Amino acid sequence: MKYINAAKVLPEKLIMEIQKYVQGETLYIPKPETEYKHWGSKSGGRRLLDERNVAIRAAFKNGSSIEQLAEEHFLSIETIKKIVYSHKSKKQHW
């Protein structure tokens, strides 16, 4: 997280108002909720995991065993079970 001196970016009147509540402390100002991004949406990590999971489900449907899939994808058997038996909606995040 990057810190910025408030005096460099905020008007003096606003700083004086904030100082009524906080002085000499670090203050975190969150982004508006509309600016939040889903995990991995910027890097493409979420898309890669979704594609991997689709491939795992397809392979399982076509006869691959859970043990086989765990070994091929370097995942635990429990993780493979969660992927193939998940009843959650498979909505895309990308």
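These are my notebook entries on a predicted model of one chain.

**Ground rules**

I number residues from 1 along each chain as its sequence is written. The model is predicted, so I ask for pLDDT of at least 70 for local features and 80 or more for side-chain atom pairs, while totals for chains, interfaces and linings use all residues, and side-chain values rest on heavy atoms, with hydrogens and water left out.

**Entry 1: overall layout**

I began with the secondary structure and found five helices and zero strands. I take helices (H or I, at least four residues) and strands (E, at least two) as DSSP runs, numbered from the N terminus. Along the sequence, the pattern reads α-α-α-α-α. The radius of gyration is 23 Å, well over the 12 Å that the globule rule gives for 94 residues, so the chain is more spread out than a compact globule. For the record, that radius is taken over C-alpha atoms, and the rule is 2.2 Å times the number of residues to the power 0.38. I also looked up the span of the C-alpha trace along its principal axes, which is about 70 × 20 × 20 Å.

**Entry 2: surface, contacts and charge**

I looked up burial next: 15% of the 94 residues count as buried. My classes are buried under 20% relative accessible area, exposed over 50% and partly exposed in between (1.4 Å probe, protein chains only). The accessible surface comes to about 8400 Å², and carbon and sulfur atoms hold 55% of it. These areas come from the Shrake-Rupley method with a 1.4 Å probe; for residues, only the protein chains shown count as cover.

Among contacts with a separation of 6 or more, 37% are between residues 24 or more positions apart. Contact here means heavy atoms within 4.5 Å.

I counted 17 positive and 11 negative side chains, with the centres of the two sets 4 Å apart. Lys and Arg are the positives, Asp and Glu the negatives; His and the chain ends are not counted. Each charge is placed at NZ of Lys, CZ of Arg, CG of Asp or CD of Glu.

**Entry 3: the nonpolar core**

Which residues make up the largest nonpolar core? I found seven: Ile56, Ile66, Leu69, Ala70, Ile80, Ile83 and Val84. Helix 4 (66-73) and helix 5 (77-85) each supply at least two residues of this core. A nonpolar core is a set of buried Ala, Val, Leu, Ile, Met, Phe, Trp, Tyr and Cys residues joined through side-chain atoms within 4.5 Å.

I then followed Leu69, leaving aside neighbours within four places in sequence: Leu69 is in contact with Ile56, Ala59, Phe60, Ser64 and Ile80. Ser64 sits in the loop between helix 3 (45-61) and helix 4, and is buried at 19% relative accessible area. With residues up to four places away not counted, Ser64 touches Ala59 and Leu69.

**Entry 4: Ile18**

I found Ile18 in helix 2 (residues 12-19). Is Ile18 exposed, partly exposed or buried? Ile18 counts as partly exposed, at 25% relative accessibility. Beyond residues up to four places away, Ile18 touches Leu10 and Leu27.

Phe74 lies in the loop between helix 4 and helix 5. I noted a positive phi of about 55° there, although Phe74 is not a glycine. Phe74 counts as exposed at 76% relative accessibility.

Trp39 is in the loop between helix 2 and helix 3, and is exposed with a relative accessible area of 57%. Trp39 touches Gly45, Arg46 and Leu49, again not counting residues up to four places away. I checked the pair as well: the C-alpha atoms of Trp39 and Phe74 are separated by 22 Å, with the two residues 35 apart along the chain.
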